[in-house]
Amino acid sequence: MSAASQAPETGYPRALVLSFTGIGSPTATGQLLEVMFEGWPRDRLLQVHYGHAPEPGVRGADLRERSLADVLDVCRRFDPDVAYVRMADTAAEYLIGTREILLALKVPVVTHVMDDWVHRNMDEASRRAATDLFGLLVARSRHCLSICEQMSEEYEARYHRTFVPVANGVDPEFWRQTAARVPPAQGFVIRYAGALAPDMQKDTVALVAESVSELHEALGVSLEIYTLPWCMDFARDLARL
């Protein structure tokens, strides 16, 4: 039975979200997922996460605290129409569990890749689990999403699949309307939320910080960074620019 026919009243399929970061959690990914699933009926969502719990309104099954058999039973009783999978460099246990859930349920899959996780410097068990999971995702997904056009081009060349770029969860029209209602102020704030990993975001955020430092006096612009505890030393270095 199709997702549309199973959800005639709402138009929303029953979505199983496989992302170790919880929807609406106080992280960059958690906030992005909150925007992506905004308006989705909470009784039609189930998230399998790994420690980072979703917001209270979203049902969650923690694969760090519960056995795979238990979580799989929860997923089967939820009876999803589609699975949204966010690939990441998390623990091997979660990557293996995600793959086993997908193999068992055999539902349509949407894959979202926000970084080149498979080629990151992970421990051997996680790298092997990530490679196995991503191979399944490439083969099974109805749709694949990336984070930018350049990533889509690279991944299409590698994996011979179309990847649709979804840059972030910002709705430009919302901010245009908001800006029209807010009186002009002196200066403005650029906020960055996310990690500062040396092999991913660090150089780009450093470049933004240097530009803000140069423009601060002329434009009154400032930069705020919300990041993870293990990134705080670098964030403090940027604050001294």
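The largest cavity is lined by Leu18, Phe20, Val85, Arg86, Met87, Ala88, Thr90, Tyr94, Leu95, Thr98 and Leu133. E4 and H4 are the elements that give two or more residues to this lining. Its residues divide into 8 nonpolar, 2 polar and 1 charged. The space in the largest cavity is about 40 Å³, and the count is 1 cavity of 30 Å³ or more. A cavity is a set of points on a 1 Å grid over the protein atoms alone where a 1.4 Å probe fits but cannot get out, and lining residues have an atom within 4 Å of a point.

This is a predicted model, in which local features need pLDDT of at least 70, side-chain atom pairs count only at pLDDT 80 or more, and totals for linings use all residues. Residues are numbered from 1 along each chain, and side-chain values use heavy atoms, without hydrogens and water.

A nonpolar core joins buried (under 20% relative accessible area, 1.4 Å probe, protein chains only) Ala, Val, Leu, Ile, Met, Phe, Trp, Tyr and Cys residues through side-chain atoms within 4.5 Å.

| Core | Residues | Members include |
|---|---|---|
| Largest nonpolar core | 40 residues | Leu18, Val48, Met87, Ile101, Leu102, Phe134 |
| Another core, apart from it | 14 residues | Ala15, Trp40, Leu45, Tyr84 |

H5 gives the most, with 7 residues. Helices (H or I, at least four residues) and strands (E, at least two) are DSSP runs.

Leaving out residues up to four places away in sequence, Phe134 touches Met87, Thr111, Val113, Val118, Tyr155, Tyr159 and Phe163; contact means heavy atoms within 4.5 Å.

Definitions and conventions. Buried < 20%, exposed > 50% of the residue type's maximum accessible area, 1.4 Å probe, protein only. 1 Å grid on protein atoms, 1.4 Å probe; cavity = no way out; pocket = protein on both sides within 12 Å on 5 of 7 lines; lining within 4 Å. Points joined across faces, edges and corners; volume = space filled by probe spheres on them. Nonpolar A, V, L, I, M, F, W, Y, C, P; charged D, E, K, R; others polar.
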